[in-house]
Amino acid sequence: MTRKEIPIFDANSTMFQNIGLLKVAETATRQHGDIVAIRVSDTRDLYIAGSPECFHYWRGHQGHFQTDLGDIASNQAITRMLLGDELQDPRWSDVWVLTANRMSAIARDFDGWLETALADATRTLITELPQDGTAADLRDICRDWSIRAVCPAIFGADLDVAEIAQGVADVEGFYFAMSTKDAAETADHENLPEFKAARGFLDKAITTALRNSTPSDPNLIAQIATVIPQDVSEADRLNLLRPTVGHVITEKLNIGGLSLLWTLVQLAQDPQLAADISAECHGNDPLTMRDADSPLALSTVKEGLRLFPELPFIYRITSEEVPIGDYVIPSGATVVFAPWLVHRDPRFWEAPKRFQGDRFLDEAQHRAHYYPFGVGARIRSRANFMLHQLTLAARSICAAHSLALSPDCPRGNIRPLLRSALIPRGAVPVVFAPRDASAMAADDQSLADAIQ
């Protein structure tokens, strides 16, 4: 069968570079269809794969796609640069086995530490919200929550949240530098100021945790350190811990709390939805109730991830020719899988650009075209973890407070901007007001009326 030639959308201009990939991808696929080559320079094309069929092919043929992007550093390659690979050195093979065994032994305990950190972080968030009608910036609230919800289980309870927030920003800065600078600039990555700042943060955080922890402390670093032989030098100990700690942070931390931020932005514009989530929690402690017992909160979180996926675009390199539909993507091509496009496609979603908190109460009909975290077995673990984190936080906030965007919030600020993730374009001031007993009773009645 004769294959069609892949259409080309020429984005090699200052105008398209300025409007960003979100709009370029939308425009290109609107003009040419689900598979289109976006010409970003005279020598480079990105192949947008913007349909569920492309994701299904990827899921069934993952060996056809690499994560290393040749002369452009992939996230996986950047992670290796930042964390080092000392544990892969044959001379540390015994320590690697000890570390892996210790991780397995404390897995259930670690889950419990994370659950405690999540509840404490959410309780702190609610307690620290302004009570006088003053607006609070969601960027700060959600960033600090995301750190408190994970980092105590890794580093211990003695945290400087502002310092870790800056460190996480430094790590993001290194990823951004490595993915945007040319090959000549990144060839000696250890001399980049962005690398020094990111590596310096990780090493300082791990070193501080080691010095402040005892072998019985309930945190990851304290427990993994117990299996590293005492005669290992401090520098080697740091190099051995960094990959394990870094990969756990990557798996568990929602950078900037952005997934919670986008959900709260929508709840701040839909007071009835927030009230119905509050009513759903009535008579239960939202910090301890099962997610299955707050289905509207869970559905709302999933809807937030539909419109604002954690990974709006996912880059891969083809390791051979890839036939999808009527096209063949060549070997060695950069393919961009696009949850951002699939999640907003009217062929698969009713009113796709409208936030609809109850959309996922009937989840089965959406599974075939929903990829907020990507695809694969490893993704499922992170997806389940993040959905629980976000659902607990969203229902707890709604149970305790009503929320509304400040009248001073420019509408442009809540339009997403793509960096390494989807970020707001500016401050997102929100006013929170504690719910009183009479309001909660009214919420219960409105939910009951809706059910009837």
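A charge sits over a ring if NZ of Lys or CZ of Arg is within 6 Å of the ring centre and within 35 degrees of the ring normal. By that rule, the charged end of R344 sits over the ring of W340, 3.8 Å from its centre. R306 lies over the face of W349, at 5.2 Å from the ring centre.

This is a predicted model, in which local features need pLDDT of at least 70 and side-chain atom pairs count only at pLDDT 80 or more, while totals for chains, interfaces and linings use all residues. Residues are numbered from 1 along each chain as its sequence is written, and side-chain values use heavy atoms, with hydrogens and water left out.

Now the aromatic rings. The structure holds 13 aromatic pairs. Rings of Phe, Tyr and Trp (its six-membered ring) pair if their centres lie within 6.5 Å; planes under 30 degrees apart count as stacked, over 60 as edge-to-face and the rest as tilted. F174 and F195 make an edge-to-face pair, 5.5 Å centre to centre with 65° between the planes. F174 belongs to helix α8 (residues 161–180) and F195 to helix α10 (residues 193–212), so their pairing ties together parts 21 residues apart in sequence. Helices here (H or I, at least four residues) are DSSP runs, numbered from the N terminus. F174 counts as buried at 0% relative accessibility. F195, at 5%, counts as buried too. Buried means under 20% relative accessible area (1.4 Å probe, protein chains only), exposed over 50%, and partly exposed in between.

W349 and Y370 pair edge-to-face, at 6.4 Å centre to centre and 65° between the planes. Both W349 and Y370 lie in the loop between α16 (339–342) and α17 (377–400), so the pair ties together parts 21 residues apart in sequence. W349 counts as buried at 3% relative accessibility, and Y370 at 16%. Elsewhere, F55, Y57, W58, F65, F337 and Y371 form one aromatic cluster.

Helix packing comes next. The axes of helix α14 (residues 271–280) and α17 come within 8 Å and cross at roughly 95°. Axes are lines fitted to C-alpha atoms, for helices over the stretch in contact, and angles run from 0 to 180 degrees between N-to-C directions. The two helices, α14 and α17, are therefore roughly perpendicular (65 to 115 degrees). A274, I277 and S278 of α14 make the contact with R395, C398 and A399 of α17, where contact means heavy atoms within 4.5 Å. By class, this contact of α14 with α17 has 4 nonpolar, 1 polar and 1 charged residues. Ala, Val, Leu, Ile, Met, Phe, Trp, Tyr, Cys and Pro count as nonpolar, Asp, Glu, Lys and Arg as charged, and the others, Gly among them, as polar.

Methods. Parallel < 35°, antiparallel > 145°, perpendicular 65-115°, else oblique.
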